[in-house]
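Hi,

Here is the structure I promised to pass on. Have a look at it first, and then read my notes below.

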Amino acid sequence: MRVLVVEDDPDLNRQLVGALSDSGYAVDSAHDGEEAKFMGETEPYDVVVLDLGLPELDGVSVLKSWRGQDRDMPVIILTARDQWSQKVAAFDAGADDYLTKPFHTEELLARLRALLRRATGHASALIEVGDLTVDTKAARAFVDGASIRLTSHEFKLLRYMAHHSGRVVSRGELIEHIYDQDFDRDSNTIEVFIGRLRKKIGSDRIETVRGLGYRLIDPTVDAKNDATA
Ligand code: CA
C-alpha cells in the first residue's frame, strides 16, 4: 500500500514518513501544495495524509484539484485546532477523515487502516481468503491458523493482493502500489516475490493469469466452481 504524506513542517513530515515506513507502507512525501498536487495527479496512491496549511497552494485547493480530476483515493486531512472552517471546506471538497494536531501516531495509523479497508470493501482488520488470513493490523499472515513467516516485502505484496483478492492485479499495479518513488522498480522482482510467497502460502493460492497478472484466490472455492462449470 502506497501513501503520500503532505506536510510542510519538516520534523512532523519526517516523523510521519518514519512511522508509516515502519508500518510497512511505501511512502512518498511532499512539503508544499504544488508538489503535492503534482504527485497526487501522477502517482497512484492508496491513501493520502494531507495537511491543510501549506505553502504555494493550500490543502483544500489541492484536494479540490484532485477530485476535479477524478483522483478518488481516500484522503485524511490534518488540521490545527482553530481551523474548523477549513475542515468543513475540506470535507466539502472530498476529504474522507480528519485528525486535529497534535495527534497520536497510533491513531493516524488506525484511521489509515480503516480508510484502506473501506476503500477496498473490507470491514475488519482481518482479511480472509479461504483459510488464508491476513492481519493488516499486526502485519501477519496465517494459513489454516498457522503463522507464516514473511519478510516485509512479501507481506506488502500479500496485503495488497488480499485487499484486492479475486481480482487480477498486474505486475505494474503491484510495483506502483508496494514501492515508493525512490525504489528501483524492476518487474522481475515481483516475479521473485510471488515465487517466494507461493512457497510459503501454497502455490495454488496465487493464480497466474497469462498476459494480465496475478490473482489471489481461495483454491477450494475455485475448484468447486470449475467442477460445476
Ligand atoms: Ca502546515
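Let's start with helix 6, which is mostly covered: 10 of its 12 residues are buried (buried is under 20% relative accessible area, exposed over 50%, partly exposed in between, with a 1.4 Å probe and protein chains only). Helices here are DSSP runs of H or I with at least four residues, strands are E runs of at least two, and both are numbered from the N terminus.

Before going on: this is a predicted model, so local features need pLDDT of at least 70 and side-chain atom pairs count only at pLDDT 80 or more, while totals for chains, interfaces and linings use all residues. Residues are numbered from 1 along each chain as its sequence is written, and side-chain values use heavy atoms, leaving out hydrogens and water.

The largest nonpolar core has 45 residues, and L157 and M161 are among those with the most contacts inside it. (A nonpolar core is a set of buried Ala, Val, Leu, Ile, Met, Phe, Trp, Tyr and Cys residues joined through side-chain atoms within 4.5 Å.) Helix 6 gives six residues, the largest share of this core. Domain 1 (2-119) and domain 2 (126-228) both contribute, so the core lies between them; the bounds come from an automatic or database domain assignment.

Then there's the calcium ion: its protein donors are D8 (OD), D51 (OD) and G53 (O), at 2.2 to 2.3 Å. Donors are N, O and S atoms within 2.8 Å of the metal (3.2 Å for Na, K and Ca); water is not among the atoms, so sites may look incomplete. D8 is partly exposed at 30%, whereas D51 is buried at 4%.

Cheers
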